[in-house]
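Good morning. I will go through one protein chain today, beginning with the overall layout and then moving to a few of its parts. Please look at the sequence and the structure first.

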Amino acid sequence: MTDHDVAEARQAEKLLSDLRQALLRLHKTLLDWERGGYERIHGRQSSNDLLNALLNDPQFAWLRPISQLIVRIDELLGEKTPPMRNDVDAVVSQVKSLTSPKAEGNIYERRYDTVLQENPDAVFAHRDVLKLLKDERGKKSE
């Protein structure tokens, strides 16, 4: 491995780690928002009941793509070898897709759009993810 390869691998790991942290904050914000709506209908939920709802209730199904992406990042960061560039590019592409709200899109895009309209914390978490993507784009063009 050349010095350039090592530096590129470190940069990829840092990007994945930074994206993971930003996505965890975003996911928590989205989950808290959805939980609020769920509890207005079903009453206060224990942590165990909420976990069960998160895994099984259709109201929370739209959050699964972002949950799965965080797990994928964890897997990449947990591997003994540095992540491959195409894996990092695939993660970045998926992050872009999952942070693209559309009022007329699929269920995820519509729910994401709604939460951004209703929850300032979600807007800040969204902004932090987009900033990482913008910074990465800037590094690639250098």
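From the N terminus on, the elements of the chain run α-α-α-α-α-α. That is six helices and zero strands. Helices (H or I, at least four residues) and strands (E, at least two) are DSSP runs, numbered from the N terminus.

A word on the source. This is a predicted model, in which local features need pLDDT of at least 70 and side-chain atom pairs count only at pLDDT 80 or more, while totals for chains, interfaces and linings use all residues. Residues are numbered from 1 along each chain as its sequence is written, and side-chain values use heavy atoms, with hydrogens and water left out.

Now the whole chain. Along the principal axes, its C-alpha atoms fill a box of roughly 60 × 30 × 25 Å. Of the 142 residues, 37% count as buried. Buried means under 20% relative accessible area, exposed means over 50%, and partly exposed is in between, with a 1.4 Å probe and protein chains only. Take contacts, meaning heavy atoms within 4.5 Å, between residues at least 6 apart in sequence: 68% of them join residues at least 24 apart.

Next, helix H3, residues 64-78. How does the span of its 15 residues compare with what 1.5 Å a residue predicts? It should be 21 Å, and the end C-alpha atoms are 21 Å apart, which agrees. The expected span is 1.5 Å times one less than the number of residues.

Which residues of H3 are buried? They are Ile66, Leu69, Ile70, Ile73 and Leu76. These cover an arc of only 120° around the axis, which puts them on the same side of H3. The arc is that of the directions from the helix axis to the C-beta atoms. Gln68 and Gly78, on the other side of H3, are exposed. The cover over the buried residues of H3 includes helix H1 (3-42), helix H4 (85-98) and helix H5 (107-118).

H4 can be read in a similar way. Its 14 residues should span 20 Å at 1.5 Å a residue, and its end C-alpha atoms are 20 Å apart, which agrees. Val88, Val91, Val92, Val95 and Leu98 are buried there. Seen down the axis of H4, they fall within an arc of 130°, so they line one face of the helix.

Last, Thr99, in the loop between H4 and H5. Is Thr99 buried or exposed? Thr99 is buried, with a relative accessible area of 6%. Leaving aside neighbours within four places in sequence, Thr99 is in contact with Leu26, Tyr112, His126, Val129, Leu130 and Leu133.
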